[in-house]
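This briefing sets out selected features of the structure shown below, grouped by topic.

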Amino acid sequence: MTEDENDCPIEQVRLTVPTTDDPTLPCLTFRTWFLGIISCGVLAFLNQFFGYRQNALTVSSVLAQIVVLPMGRMMEASLPRKAIRIPGTRWSFSLNPGPFNMKEHVLITILANAGSSSVYAVGIITIVKAFYHSEIHPLAALLLTQSTQLLGFGWAGLFRKFLVDSPYMWWPATLVQVSLFRALHEEEKRLKGGLSRLQFFMIVLISSFSYYIVPNYLFQSITALSFVCWIWKDSFKAQQIGSGLKGFGIGSFGLDWATVASFLGSPLATPGFAMMNMLVGYIIIFYMVIPLSYWNNWYEARRFPMYSFKTYNADGTIYNVSKVLNQSSFSFNQEGYDEYGKVNLSILFVLAYGLSFATLAATVSHVLLFHGRTIWEQTKASMTNKFGDVHTRIMKENYDSVPQWWFHSLLIFVIGLALLTCEGFGRQLQLPYWGIILAVCLASLFTLPVGVIVATTNQGVGLNVITEMIIGYMYPGRPLANVVFKTYGDNSMWQAIQFLSDFKLGHYMKIPPKSMFIVQLVGTLVASSIYFATSWWLLTTVEFICDPSKLPTGSPWTCPGDDVFYNASIIWGLVGPQRMFGNLGLYSKMNYFFLFGILAPVPFWILSRKFPKWKWVRLVNIPILINCPGPPVKPVNYNMWFAVGMFFNFVVYKRFKSWWARHNYILSAGLDAGVAFMAIICYLVLQNRNINGPEWWGLEVDDHCPLANCPSVPGINVKGCPIIQ
């Protein structure tokens, strides 16, 4: 197969993915399993361990992708090649079947990827034990983590024809790993005076590694620099305008790759058109709608912090959940609620929920209008065995597909396991059997439209809000039932999308599909078990974990991500959507956002049909445009993400396309890997022993804008804020 026969319709794929294959290379070798399971376990432990800390760190599979290469080469050089026969069978295997090849490396990375993907259900265990101070049976907790992770296999099997085989579903993020695999394995001729891709990667990695000691250890304030606050130290408005962590972030920036990529992913791997949609939406929402809402005091917005995702009482203080929770039955206390008062939210939190309603509705509308015909044609093509581009043809010619009954059998088994988990153990999880069935139906309904968005834009929308709302109306006053339903509905869909993304990586790298399936299944079981074990260990050994008011000074175990999860359980589960967004609540008008979301893509679809030469119209993606901002991303993250992404995806891509093709994704991988290596070494060698950086104002993980999060109306008394007279 030559490059001239590359008929893939996506230019970035043509520039990045090879069109050659060697079907004789061994895949599921001893080296694959040994290095893969170790990588999976280590990443699962590290990600859960760091996930509870103030500066949460996500260690991506890129780290394992780099480390295992020299280990694989070492095993190739040292292990015996003699075949080992399994007693009593005809099966045999070799510890060393030949040179360590790229396909083994890909499968090891897929196993590692299972360890780097968070387990959403662990959040349920955390809020039960650390926030609600209640108990959960350890076996029920383990089965919950396993079943919620495995359920996605069923949806992945149902939709892989559309989201993997179709050349138009190109999964931009996978191209970063494809570039890195090629840089690590392919021999290339270095241009005179230039660098090979591997040399370039090593230079970036070493530079990123060396520099990251500054924002991670010596000068942590450099992650968010907000000069406007420093100039006007006593002005509420100036600090709200300038703060990159608590305000609008005007003029705020960070000199830290983690600030750029930690929440939104690498901007180098996001297509330019998707970034433009996000930028337009961000400007409209964050710099027009939110200031208008806040300064006009909609929903008493000025009583509360502008940029906050907590729940509040009407007097501006944090909502005291114990007043409205019946601890014995773990359910809603109506008398306490009537006496204490309604739940209030910051204006950003209110609009974030409204926009999430609109985003979900717009996703369905957009996919049906803009991709409905493509999906239908792909359905007919799959029925008649007409396949897309060169990569799909190679896979169909050289490898057997995974039988559908594998996926169907696993789906039925896992649904049964989920029913056992929720109906058994004295119904500790509160969710009845019909809730599981409904969550399963929602996940199957939305996997395809959300998958289309992710596969074409590298950005996605979640079902967390709509699942919370549905079960909140149907089964109110039960916080655990709400978060369990959300996890089975939302998390299983995202697991399916993760599996499909891995299948697409295997598709590009020409990995046998059955090998991919087996590796993903094993990796999911190993990773979810270690995530559970790590969380259970920390929750039962770290005193006052997740409670900053009781933790010793300087303790990192503050659980910022789980705090958002906990507040969502209050809003949707305990108090319920009817008392928040229904006729009994303060925010019923937010429901109009559903109608807005359904209708918003229609004008652009009409324009695209009426004026087909207007190419920009088809690039307007309403679900992406209105899908920001949201927790826990801060304005400084958006500022830096847009700045870096626009430069590389527009300036460099257009003016230096050959450089972009060779180096863009490798640059992204090198920056990620350098940050991850330094963060781990810093923790293990220094921070783990309470050896922190020099004590000075720059060591704080803050932008030094204390007034930005204070109420701006007279008479509100909040700890740490001056009272306006």
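In this predicted model, K486 forms a salt bridge with E468, and the closest N and O atoms are 2.8 Å apart.

**Other salt bridges**

- Side chains of opposite charge can pair when their charged atoms come close.
- The whole structure holds 10 salt bridges, one of which joins D563 to K310 with the closest N and O atoms 2.4 Å apart.
- This pair links distant parts of the chain, 253 residues apart: D563 sits in helix α23 (residues 560–575), and K310 in the loop between α14 (272–295) and β3 (311–312).
- D563 counts as buried because its relative accessibility is 18%, under the 20% limit.
- K310, at 31% relative accessibility, counts as partly exposed.
- A salt bridge also connects K129 with E135, where the closest N and O atoms are 3.2 Å apart.
- K129 is buried, with a relative accessible area of 14%, whereas E135 is exposed, with a relative accessible area of 57%.

**Helix α2 and its crossing with α22**

- Two packed helices are described by the angle between their axes and the distance between the axes.
- For α2 and helix α22 (residues 513–541), the axes come within 8 Å and cross at roughly 35 degrees.
- The crossing of α2 past α22 is right-handed.
- On the α2 side, the residues making the contact include W33, I37, C40, G41, A44, F45 and F49.
- On the α22 side, the contact residues include I518, V522, G523, V526, I530, Y531, T534, W537 and L538.

**Nonpolar surface patch**

- A nonpolar patch on the surface is formed by F30, F34, I38, V42, I84, I86, W91 and F93, which together have about 720 Å² of accessible area.
- Helix α2 (residues 30–51) gives the most to this nonpolar patch, namely four residues.
- V42 is found in helix α2 and is partly exposed, with a relative accessible area of 43%.

**Positive phi angles**

- Most residues other than glycine have a negative phi, and most peptide bonds are trans.
- K510, a residue other than glycine, has a positive phi near 60 degrees.
- K510 lies in the loop between α21 and α22 and counts as buried, at 1% relative accessibility.
- F544 likewise has a positive phi, of about 60 degrees, although it is not a glycine.
- F544 lies in the loop between α22 and α23 and is partly exposed, with a relative accessible area of 39%.

- C721 is placed in the segment after α29 (657–685).
- C721 is buried, with a relative accessible area of 16%.
- Apart from neighbours within four places in sequence, C721 is in contact with C710 and P711.
- The C-alpha atoms of C721 and V564 are separated by 23 Å, and these residues are 157 residues apart along the chain.

Notes. Residues numbered from 1 in each chain as written. Predicted model: local features only at pLDDT ≥ 70, side-chain atom pairs only at ≥ 80, totals over all residues. Heavy atoms only, no water. Patch = residues over 30% accessible without salt bridge, like charges linked within 9 Å, V, L, I, M, F, W, Y side chains within 5 Å. Areas by Shrake-Rupley, 256 points an atom, 1.4 Å probe, with all protein chains shown as cover. Salt bridge = Lys/Arg side-chain N within 4 Å of Asp/Glu carboxyl O. Helix = DSSP H or I, 4+ residues; strand = E, 2+ residues; numbered from the N terminus. Buried < 20%, exposed > 50% of the residue type's maximum accessible area, 1.4 Å probe, protein only. Axes fitted to C-alpha atoms, helices over the stretch in contact; angles between N-to-C directions. Left-handed = near helix turned anticlockwise from the far one by under 90°. Contact = heavy atoms within 4.5 Å.
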